[in-house]
Amino acid sequence: MESKEAPDPASLVEVRSDDAVATVVLRNPPLNILTSALKERIAEVFTELSADDGVRAIVLTGSGDRAFSAGANLKEFPDRIRLGNAYEVSKQGHRVSEAVRRCRCPVIAAIDGIAYGGGLELALFADLRIASRRSTFALPEVKRGIFPGTSGSQLLPRIVGGSNAKQLMMFGDPIDAAEALRIGLLNRVVDDGLVDQEAHAWARTLAERPGKALRFIKQLVDTGAAAPLEVGLEYESQLFARAFTTADAAEGAAAFLERREPRFRHA
């Protein structure tokens, strides 16, 4: 839980860089509880990274081996009821969601341990999710008389389908990594101790892919999920045409004809 003395907000999130891959680490031990200060810092960090042309993939993870994040601090709930500020809390979560989801490059959530409540919602903001076999997932808010309110109720159905989303939110019970993989919540499950290695291997591969093409893919999938098919198809045609004007498209074609690996410039 939170310490009595509030930490420096900057210390709540560590950012490491390795060439074109950035790693964002939540540091609010032991369970990486999502305090208001931590959420604000996450939004700031992702906004900054999105503006950095040198960053082409991001790994989001939690410190320690107990939790990616156990979500909100339940001790804050009585104050929220008393102060009536739940709407502002939800909108703050939306700002975090937008900062992560609209990040220019792919974001991979590397999950080792608990991802509950707001912690699971945070993982939903990422483009891809990798977890250890020991990891567990839950949206237990209904057991406290509420529901996921920081984008989870809208993003989860788009990822796992309406029926699976309702089951997770209505029962509030945890599921293991194998079940999370089966319903499409996760992209991959790896042996305990290998999450960081696998997530960074994925990130390095994505960092080598043409940056603009990856950005177009993110935009098409995220926008198309909330748009009528005809609108999505028109947007697809527009971005497809733009992709063919990029230097990387020319390089990709030349590399194929010359039977060599492409050397993308992400332009």
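How many bridges join β2 to strand β3 (residues 57–62)? Six bridges join the two strands, and β2 and β3 run parallel. The structure is a predicted model, in which local features need pLDDT of at least 70 and side-chain atom pairs count only at pLDDT 80 or more, while totals for chains, interfaces and linings use all residues. Residues are numbered from 1 along each chain as its sequence is written, and side-chain values use heavy atoms, with hydrogens and water left out. Helices (H or I, at least four residues) and strands (E, at least two) are DSSP runs, numbered from the N terminus. Two strands count as paired if DSSP finds at least two bridges between them.

Strand β2 belongs to an open sheet of six strands with mixed pairing, in the order β1-β2-β3-β5-β7-β10. Its edge strands, each pairing on one side only, are β1 and β10 (188–190). From one strand to the next the twist averages 20°; axes are lines fitted to C-alpha atoms, for helices over the stretch in contact, and angles run from 0 to 180 degrees between N-to-C directions.

On one side of β2 (residues 21–26) is strand β1 (residues 13–18), joined to β2 by six bridges in the antiparallel sense. Glutamate 14 has valine 25 as its bridge partner in β2, and arginine 16 stands opposite threonine 23. The two strands form a hairpin with two residues between them, and aspartate 19 in this turn has a positive phi of about 55°. Together with helix α1 (residues 36–50), β2 and β3 make a right-handed β-α-β unit; right-handed means that, with the strands pointing away from the viewer, the path from the first strand over the helix to the second runs clockwise.

Strand β2 is mostly covered, with six of its six residues buried (buried means under 20% relative accessible area, exposed over 50%, and partly exposed in between, with a 1.4 Å probe and protein chains only). Val21, Thr23 and Val25 point one way from the strand, whereas Ala22, Val24 and Leu26 point the other way.

Further along the sheet, strand β5 (residues 107–111) and β7 run parallel and are joined by four bridges. Isoleucine 111 stands opposite alanine 131 in β7. Strand β7 also pairs with β10 in the parallel sense, over three bridges, and the partner of isoleucine 130 in β10 is arginine 188. Four of the five residues of β7 (residues 128–132) are buried, so the strand is largely enclosed by the rest of the structure.

A further open sheet has four strands in the order β4-β6-β8-β9, again with mixed pairing. Its edge strands are β4 (67–69) and β9 (175–176), each of which pairs on one side only. Strands β4 and β6 (residues 114–116) pair in the parallel sense over two bridges, and serine 69 has alanine 115 as its bridge partner in β6. Helix α4 (residues 118–125) lies across β4, β6 and β8 (136–138), and runs at about 95° to β6.

Helices α9 (residues 211–224) and α10 pack at an angle of about 175°, with their axes 10 Å apart. That angle makes the two helices roughly antiparallel (under 35 degrees counts as roughly parallel, over 145 as roughly antiparallel, 65 to 115 as roughly perpendicular and the rest as oblique). Phe216, Gln219, Leu220 and Thr223 in α9 meet residues of α10, including Tyr235 and Leu239; contact means heavy atoms within 4.5 Å.

Threonine 246 is found in the loop between α10 (229–243) and α11 (247–257). The residue counts as buried because its relative accessibility is 11%. Its side chain reaches the backbone oxygen of alanine 243 at 2.8 Å and the backbone nitrogen of alanine 249 at 3.2 Å. Neighbours within four places in sequence aside, threonine 246 is in contact with Lys212 and Ala267.

Most residues other than glycine have a negative phi, and most peptide bonds are trans. The peptide bond from proline 29 to proline 30 is cis, with omega near 5°, and proline 30 is in the loop between β2 and α1. Asparagine 32 lies in the loop between β2 and α1 and has a positive phi of about 50°. Its relative accessible area is 0%, and asparagine 32 is therefore buried. Serine 151, in the loop between β8 and α5 (152–160), has a positive phi of about 95° and counts as buried at 13% relative accessibility.

Definitions and conventions:
Polar contact = N/O pair within 3.5 Å; in protein donor to acceptor, adjacent residues only side chain to side chain.
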